Amino acid sequence: MDSNGIPGGLTVRRRWDANAALVAIGWVERTNSSSSAKSAVSARRRNMFVTILGLPWNKHHTYGRVGEEDNAICKGLGFRGYADAHGKTVTVRQDQAYITIIVQWLFDEIPDKDIHSWTILISGLARIGSSSTVSKLFRKMQTEGVPPNQFTLSSVLKLCSSKSEPQIAKGIHGWIVRNGIDLDVALENSILDVYVKCGAFQYAERLFERRKERDTIAWNIMIGGHMRIGDVEKSLDLFYRFPFKDVASWNTIIDGLMRKGYEGTALELLYEMANKGPTFNEITFSTALVLASKLSLLELGRQIHNLVITVGIHNKGFIKTSLIDFYCRCGKMEKALMIFRKIHPLHSNSLNPIITGDESMTEVVAWSTLISGFVHNNEYENALQTFVSMVGDDIGVDKFTVTTIASVCANVGSLTLGQHIHAYIHKIGHQLDFHLGSSLVDLYSKCGSLEDARVIFEQTSSPNVVLWTSMVSACALHGQGHEAIRVFELMIEEGIKPNEISFTVVLTACSHSGLLEEGCNYFRLMKEVYRIKPGIEHFTCMVDLYGRAGRLDEAKKFIDRNHVSNQSLVLKSFLSSCRLHKNIDMGNWVSEKLLHLKSLDAGSHVLFSNMCAANQRWEEAAKVRSLMRHRGINKLPGQSWIQLKNKVHVFVMGDRSHPCEAEIYSYLDALIGRLKEIGYSSALDQVMQDVEEEQGEQFLGYHSEKLAIAYGIISMPSGTPIRIMKNLRVCTDCHNFIKCTSQLLNREIIVRDIRRFHHFKNGSCSCGDYW
């Protein structure tokens with residue numbers, strides 16, 4: 001505290017502003033204040049204490065509204081304020097730590113603290129998630145002789161539920177029992193809820209069975225709890241046993257079934273609820289829309305949309321955002337935009353509306369949902385434009401939105417844009433927790449900067465399995481198998497239990513680096529020690545591991561032994577290995593399996609055709625290509641792109657559309673000539689037709705990545721690393737070309753293909769020619 005009682009944790013500037021503001025409005029006593037003035041100030045302190053804690057703070061984007069009279073106080077205290085269109089209310093924002101400091105200061109200034117004051121403080125801080133502070137205050141309250149009431153106890157128990165603090169909850173429950181506190185239904189439900197959410201089901205079931213009065217809330221807690229841990233059978237049994245099911249009961253079971261992958265059963269219960277259950281509420285409609293999108297039932301979603309219009313709740317924010325989400329998930333972005341524009345009248349004319357600051361949660365969620373929808377539909381440019389509009393219009397950007405936009409940067413591979421997003425996250429004050437940390441690790445790793453990913457990993461507080469797995473994945477993506485294993489082992493040493501995704505990425509790392517023995521060991525560890533049942537992703541990694549190492553017979557035995565010969569992902573991975581090692585007989589066997597499964601897609605056809613061409617079996621290669629044309633299967637065209645000065649330049653093979661095409665081709669032809677002098681030669685086995693050598697070199701000479709690299713060389717300063725993205729796997733010829741180019745020009749070239757990164761430097765590649 002300073003001399004005026006302002007919290008010392010604030011900056012000097014903020015302390016000065018706060019003091020000046022509070023004195024000016026008469027909230028802090030002047031030196032010569034009268035007793036009546038002091039009394040008035042005390043009352044104002046108490047009222048402001050209640051006002052701040054009464055704001056609807058949100059744990060993701062803490063914000064609330066105050067009137068004009070309280071705005072000056074909030075502004076003086078350092079809360080950022082934004083006036084609405086009429087200037088009558090102000091949205092104030094601040095982070096959790098700052099709110100905690102302020103309200104504790106206000107509380108300390110209240111002279112006569114009673115149970116009411118203590119309860120407001122504890123329940124308010126519990127609502128914004130200040131768990132450690134709440135625990136200390138709860139103990140302090142008792143030591144000062146103020147016994148908590150049932151509302152205080154319920155508030156603390158709810159916080160324990162949200163933060164998964166079973167030990168604190170057990171301690172409070174014990175205190176209640178020792179002190180003979182009478183349990184009303186609400187407090188009993190709070191105790192039941194905390195045990196369920198903390199996973200202490202033995203305690204929860206014992207309490208539930210012993211209760212004399214089990215209301216609807218108690219039944220719903222147990223139904224939802226069993227569903228949450230995957231005990232679908234027990235959850236359904238409780239649901240059918242419960243004689244007085246309300247709308248929350250139906251919502252809980254339908255939503256739970258949908259989340260656990262039982263969409264069909266959820267749909268059946270939704271129809272049953274419509275026929276003989278309670279009337280749908282907003283949550284039911286929202287859940288039904290998500291279910292319809294998961295099952296790709298566009299017509300059902302439209303019927304639900306018509307129903308909410310008939311019921312008259314279509315203008316409610318929660319329903320509007322649910323409708324936006326539904327149409328986004330179904331790929332109907334124009335329809336989603338129509339609903340989005342109706343949330344605010346000024347949205348109707350432009351995607352870039354002018355909003356004066358009335359930032360309701362509906363608007364925040366609507367913007368976030370729309371951005372997520374564009375990402376879901378691979379419309380990355382629209383997602384970025386919408387995000388820029390959201391920031392420009394001062395709509396509150398929550399962590400969900402920034403992690404979504406970070407994924408856009410990761411997908412397009414734009415390091416510059418990713419750095420801008422990272423700077424913005426820092427600017428708006430979001431803490432680098434494991435959610436943001438893992439997103440930024442993923443962003444930097446997919447944009448080619450493994451070092452920046454490492455820095456983020458080390459800076460993130462309280463790393464969990466998600467963050468550790470992201471770092472292992474980053475190492476795997478860059479071909480650093482041994483480093484990925486080191487990080488994985490360090491995660492286990494730190495007491496973090498790996499999950500199924502952790503094992504997928506470490507197996508991928510082993511596969512990309514040829515670490516066969518290590519990969520086999522981790523597969524056994526997953527099954528035997530961590531009791532994780534292998535999924536298709538794990539089987540695919542193992543087949544890829546054997547296949548890349550040239551152990552095709554062992555890969556086939558593994559497929560047969562694990563009964564996964566009917567899994568297309570596994571077979572496609574095996575076919576790629578057959579092509580790599582030019583084993584046509586094994587490739588034929590895999591192709592026939594895929595054909596039988598009707599999973600012989602464009603990629604599989606091309607793999608087998610390439611295999612035939614590599615062995616100069618031109619007739620078979622031509623037959624596969626003819627079969628593709630007959631079935632209407634089109635090969636995904638190869639594309640490479642490079643970003644220069646905030647503009648993305650895209651190239652395809654033989655592309656002549658670029659404004660600098662003459663300069664690009666002239667330089668590329670000259671470069672290939674110089675490369676031949678140091679040993680480069682075209683890999684003619686990559687050509688898919690039986691043609692003369694000179695013609696074959698022309699086919700290979702203008703692959704998209706070569707054009708992108710040539711443009712980068714002539715457009716960027718000497719010595720600057722060239723970063724290229726490609727939508728397909730880099731072919732052998734281009735890989736050799738880039739290695740030789742990096743040696744000849746002493747230039748670092750970084751290429752991200754569909755599988756991994758290749759860092760070319762001084763004539764070698766980070767993959768060690770093992771890709």
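Two strands count as paired if DSSP finds at least two bridges between them. I kept that rule at hand while going through this predicted model.

**Entry: a strand pair.** I looked up β7, residues 749–752, and β8, residues 757–761. They pair in the antiparallel sense. I found four bridges between them. I then picked Val-751 and asked which residue is its bridge partner in β8. The partner is His-758.

Entry: Next I traced the open sheet of six strands. Its order reads β5-β4-β6-β7-β8-β9, and the pairing is mixed. Which strands stand at the edges? I noted β5 (647–652) and β9 (764–765). Each has a single partner strand, so one side of each is left without a neighbour in the sheet.

**Entry: a helix across the sheet.** I checked helix α37, residues 704–715. This helix lies across β4 (639–644), β5, β6 (722–726) and β7. Its angle to β4 is about 15°.

**Entry: Thr-152.** I moved to helix α7, residues 150–163, which holds Thr-152. Is Thr-152 buried or exposed? Its relative accessible area is 0%. Buried means under 20%, so Thr-152 is buried. Leaving out residues up to four places away in sequence, I listed its contacts as Ile-115, Thr-119, Ile-122 and Met-141.

**Entry: the whole chain.** Last, I took the totals. The protein chain has 38 helices and nine strands. Of its 771 residues, 49% are buried. The accessible surface comes to about 36,500 Å². Carbon and sulfur atoms account for 50% of that surface. I also looked at contacts between residues at least 6 apart in sequence: 62% of them join residues at least 24 apart.

Note on methods
Residues numbered from 1 in each chain as written. Predicted model: local features only at pLDDT ≥ 70, side-chain atom pairs only at ≥ 80, totals over all residues. Heavy atoms only, no water. Helix = DSSP H or I, 4+ residues; strand = E, 2+ residues; numbered from the N terminus. Buried < 20%, exposed > 50% of the residue type's maximum accessible area, 1.4 Å probe, protein only. Contact = heavy atoms within 4.5 Å. Axes fitted to C-alpha atoms, helices over the stretch in contact; angles between N-to-C directions. Areas by Shrake-Rupley, 256 points an atom, 1.4 Å probe, with all protein chains shown as cover.
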